[in-house]
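Let's take a walk through this structure together, starting with its aromatic rings and then moving to the helices and the core.

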Amino acid sequence: RLLRRDGLRYQLHTGHAEIDVPSSRLGHLQQKLTHYTAWDPITYLQKMTHYANQQALFWYEQGKKPELIHVTLNPPMRFLRGYLLRGGFRDGMIGFLVAAMTAYYSFLKQFFLWQLCNGRKLSDLEKPWRSTDSQDVPIAA
């Protein structure tokens, strides 16, 4: 563990899990930290959907409205930033996929905000969409 759970608290919701740590309590790692966000694409998509939903709810509670310009321009700009400006192209296919997923995440946040502003309840967004056939297979989480 990098943080002691008993001594720290999350800040107010900012869209990211941020923790206030007194500067006197900061340390430095001796080696690079390898952090895996998820072990497989399905888990990553579920996590991304959850965080996009939380961000949309935060924006909605602040009175933010979805704007067409954000829905249309933010995702491609996020892709270009990750793939070109941050050098994702140097990582080949995985760099492309990560940049594409980041763009999709940007789109999801705007889409969920639009849903909230147009009468969808949070509980509707929390439930997985399911097919109506007998197998009832989740399409998205």
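Which residues do ring pairs link into a cluster? In this predicted model, the cluster consists of Phe79, Tyr83, Phe89 and Phe96, joined by ring pairs.

**The aromatic rings**

The structure holds eight aromatic pairs. One of them is formed by Phe79 and Tyr83, which are stacked, with 5.3 Å from centre to centre and 20° between the planes. These two residues sit four apart in helix α2 (residues 68-85), so about one helical turn separates them. Tyr83 itself is partly exposed, at a relative accessible area of 22%.

Phe79 also pairs with Phe96, and here the planes stand at 75° with the centres 5.4 Å apart, so this pair is edge-to-face. Because Phe79 belongs to helix α2 and Phe96 to helix α3, the pair ties together parts that lie 17 residues apart in sequence. Phe96 counts as partly exposed, with 36% relative accessibility.

| Charged residue | Ring | Distance from the ring centre |
|---|---|---|
| Lys64 | Trp59 | 3.9 Å |
| Arg90 | Phe89 | 5.7 Å |

Phe89, whose ring lies under the charged end of Arg90, is also a member of the ring cluster described above.

**The overall layout**

Stepping back, the protein has four helices and two strands. Along the sequence they come in the order α-α-α-α-β-β. Of its 141 residues, 20% count as buried. Among contacts with a separation of 6 or more, 58% are between residues 24 or more positions apart. The protein exposes about 11100 Å², and carbon and sulfur atoms supply 58% of that area.

Helix α3 spans residues 93-117. With 25 residues, α3 reaches 36 Å from its first C-alpha to its last, close to the 36 Å expected at 1.5 Å a residue. After α3 comes Gly119, which has a positive phi, near 95°.

Several residues of α3 are buried, including Gly95, Ala99, Ala103, Ser106, Gln110 and Gln115. Other buried residues of α3, among them Tyr105, Leu108, Phe112, Leu113 and Leu116, belong to the largest nonpolar core. That core has 11 residues in all, and its members also include Met48, Ala52, Ala56, Leu57, Phe58 and Trp59. Both α1 (41-61) and α3 supply at least two residues of the core, and α1 gives the most, with six.

Setting aside residues up to four places away in sequence, Ala52 touches Tyr105, Leu108, Lys109 and Phe112.

**A lysine in the helix**

Is Lys109 buried or exposed? Lys109, which has its place in helix α3, has a relative accessible area of 11%, and it is buried because that value is under the 20% cut-off. Beyond its neighbours within four places in sequence, Lys109 is in contact with Ala52, Gln55, Ala56, Trp59 and Arg78. Three of these contact partners, Ala52, Ala56 and Trp59, are members of the largest nonpolar core. Trp59 brings us back to the rings, for the charged end of Lys64 sits over its ring.

How values were computed:
Residues numbered from 1 in each chain as written. Predicted model: local features only at pLDDT ≥ 70, side-chain atom pairs only at ≥ 80, totals over all residues. Heavy atoms only, no water. Buried < 20%, exposed > 50% of the residue type's maximum accessible area, 1.4 Å probe, protein only. Contact = heavy atoms within 4.5 Å. Core = buried A, V, L, I, M, F, W, Y, C linked by side-chain atoms within 4.5 Å. Phe/Tyr/Trp six-rings, centres within 6.5 Å; stacked < 30°, edge-to-face > 60°. Lys NZ or Arg CZ within 6 Å of the ring centre and 35° of its normal. Areas by Shrake-Rupley, 256 points an atom, 1.4 Å probe, with all protein chains shown as cover. Expected span 1.5 Å × (residues − 1).
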